[in-house]
Amino acid sequence: MHMLRKESLTEIMIVEHGKIYDSFAKFRFDSEKDIKRAFRFLNFFKRQEIEHIKIENKLFKAKLAPLEITRILLKQHDKIKALIMMVYKDVYNRIDSTENAEILQEFLKAHLRLEEKMFYPKLDKKLNNSEIEKLRKEISRRMSKIRKAFF
Ligand SMILES: [Fe+2]
Ligand SMILES: [Fe+2]
C-alpha cells in the first residue's frame, strides 16, 4: 500500500489565484460594454480578493511563516486594496477605468506569481497533510460562500 500524495497549499493557491485573476479579466472585458455588468464583476472580484487577502494576512502572521517575504507581501496587499478603490471610484463616477485597471491587473499578476514562487512553496515545507487539509477546507468554505452569492 502506498500513500496518496496530498495536494500542496501551493497548488490550492494557484487555483484560487486563477479564479480571482479571471474574475478581474472578466470585469475588464465587460467594463466598456455595460456599466451594470461591469459593477457586478468588479464587486465579484473585489469581494473575492478582499477575502483572499484576509486569509493570507493571517497566514503571513502565523508563527510558521517567519519569512522576510511576508513583509513585502503584506505591503502589496495594502497597495492592491488601494488600487481596487481607485478602479471602483472610476467606475462609480463613470470615468474610463482602463488606466487604473491595467495598473491593478499588472500589479496583481506580479503579486500572485511572487506568492506562488516565493511564499507558498516555503510554507508547504513546514505544513503537514492535516494542516494543509484544514486550510483547504477553510479556504473552500469561505471562498465558495462568496462565489455562490454572485452566481
Ligand atoms: Fe496575496
Ligand atoms: Fe494570494
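**Conventions**

I take helices as DSSP runs of H or I with at least four residues, and strands as runs of E with at least two, both numbered from the N terminus. By that rule I place arginine 71 in helix H3. I number residues from 1 along each chain as its sequence is written, and I letter chains from A and number ligands from 1 in the order in which they are written. This is a predicted model, so I ask for a pLDDT of at least 70 for local features and count side-chain atom pairs only at pLDDT 80 or more, while totals for chains, interfaces and linings use all residues.

**Confidence**

I looked up pLDDT, the predictor's confidence in each residue on a scale from 0 to 100, and found that the chain averages 90, with 91% of the residues scoring at least 70. Confidence is lowest in helix H1 (residues 9-30), with a mean of 91, and highest in H4, with 95. I keep in mind that where pLDDT is low, the predicted coordinates should not be read in detail.

**Overall form**

I find five helices and zero strands in the chain, which reads α-α-α-α-α along the sequence. Along the principal axes, the C-alpha atoms fill a box of roughly 60 × 35 × 20 Å. For the radius of gyration, taken over C-alpha atoms, I used the globule rule of 2.2 Å times the number of residues to the power 0.38; for 151 residues a compact globule would come near 15 Å, and the 17 Å of the chain agrees.

I call a residue buried if 20 or more other C-beta atoms lie within 10 Å of its own, exposed if 12 or fewer do, and partly exposed in between, with the C-beta atoms placed from the backbone. On this count, 19% of the 151 residues are buried. I call two residues in contact if their C-beta atoms, placed from the backbone, lie within 7 Å. Among the contacts with a separation of 6 or more, 71% join residues 24 or more positions apart.

**Helix H3 and what follows it**

The 25 residues of H3 (residues 68-92) should span 36 Å, and the end C-alpha atoms, 37 Å apart, agree with that. Thr70, Leu73, Ile84 and Val87 are buried in H3, and their cover includes helix H2 (35-61) and helix H4 (98-126). Arginine 71 of H3, by contrast, is exposed because it has 10 other C-beta atoms within 10 Å.

Most residues other than glycine have a negative phi. Arginine 94 counts as exposed because it has 8 other C-beta atoms within 10 Å.

**Helix H4**

The 29 residues of H4 should span 42 Å, and its end C-alpha atoms, 41 Å apart, agree. I also find a kink of about 35° in H4, centred on glutamate 116; the bend at a residue is the angle between axes fitted to the seven residues ending there and the seven starting there. The buried residues of H4 are Ala101, Leu104, Leu108, Glu115, Phe119, Tyr120 and Leu123.

**Nonpolar cores**

I define a nonpolar core as a set of buried Ala, Val, Leu, Ile, Met, Phe, Trp, Tyr and Cys residues joined through C-beta atoms within 7 Å. The largest has 12 residues, including Ile20, Phe24, Phe45, Ile84, Val87 and Leu108. H1, H2, H3 and H4 are the elements that give two or more residues to this core, and H2 gives the most, with four. Another core lies apart from it, with seven residues, among them Met13, Phe60, Phe119 and Tyr120.

**Pairs along the chain**

I looked up leucine 64 in the loop between H2 and H3, which is exposed because it has 12 other C-beta atoms within 10 Å. Apart from neighbours within four places in sequence, leucine 64 is in contact with Leu123 and Lys126. Leucine 64 and arginine 37 are 27 residues apart in sequence, and their C-alpha atoms are 41 Å apart. Arginine 147 of helix H5 (residues 129-150) is partly exposed because it has 15 C-beta neighbours inside 10 Å. The C-alpha atoms of arginine 147 and phenylalanine 44 are separated by 7.6 Å, although the two are 103 residues apart along the chain.

Key
The expected span of a helix is 1.5 Å times one less than its number of residues.
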